[in-house]
Amino acid sequence: MFLMAAIRLLAIPLLLIAVLRVLPFEVDELTKNILILTAALPTSSAQSMITEQYHTNTSAAARSVFVTTLFSVATVPLIMMLAL
């Protein structure tokens, strides 16, 4: 679960920052910041609702929402500082 949270909250946003910096065309700063912020946000609670609807592993979905939300308190400001 912690590996998944690290990939979701750190690796994907950092990869997006790197991709946005090497693009051959200019992207508006607001658009860049919005893309990076949405990539750095925790998993949505809809994930738990969908697992409930399809009778799959609801406890793992709830744990992933909890863990990513808990760690996003530290990782979102860190990612946004690195992006700027």
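Predicted model: local features only at pLDDT ≥ 70, side-chain atom pairs only at ≥ 80, totals over all residues.
Residues are numbered from 1 along each chain as its sequence is written, and side-chain values use heavy atoms, with hydrogens and water left out.

Now the overall picture. The protein has four helices and zero strands, with helices (H or I, at least four residues) and strands (E, at least two) taken as DSSP runs, numbered from the N terminus. The C-alpha trace spans about 45 × 25 × 20 Å along its principal axes.

Back to our helices. Helix 1 and helix 2 (residues 29-40) pack at an angle of about 160 degrees, their axes 8 Å apart. Axes are lines fitted to C-alpha atoms, for helices over the stretch in contact, and angles run from 0 to 180 degrees between N-to-C directions. That makes helix 1 roughly antiparallel to helix 2; the cut-offs are under 35 degrees for roughly parallel, over 145 for roughly antiparallel, 65 to 115 for roughly perpendicular, and oblique for the rest.

How do helix 1 and helix 4 pack? Their angle is about 25 degrees, with the axes 9 Å apart. That makes helix 1 roughly parallel to helix 4. Among the residues making this contact are F2, L10 and L14 of helix 1 and V67, F71 and L82 of helix 4. The contact divides into 14 nonpolar, four polar and one charged.

The rings of F2 and F71 have centres 5.9 Å apart and planes at 55 degrees, so the pair is tilted. For Phe, Tyr and Trp (its six-membered ring), centres must lie within 6.5 Å; planes under 30 degrees apart are stacked, over 60 edge-to-face, the rest tilted. F2 sits in helix 1 (residues 2-22) and F71 in helix 4 (residues 58-83), 69 residues apart. F2 is exposed at 58% relative accessible area, and F71 is partly exposed at 36%. Buried means under 20%, exposed over 50%, and partly exposed in between (1.4 Å probe, protein chains only).

Conventions
Contact = heavy atoms within 4.5 Å. Nonpolar A, V, L, I, M, F, W, Y, C, P; charged D, E, K, R; others polar.
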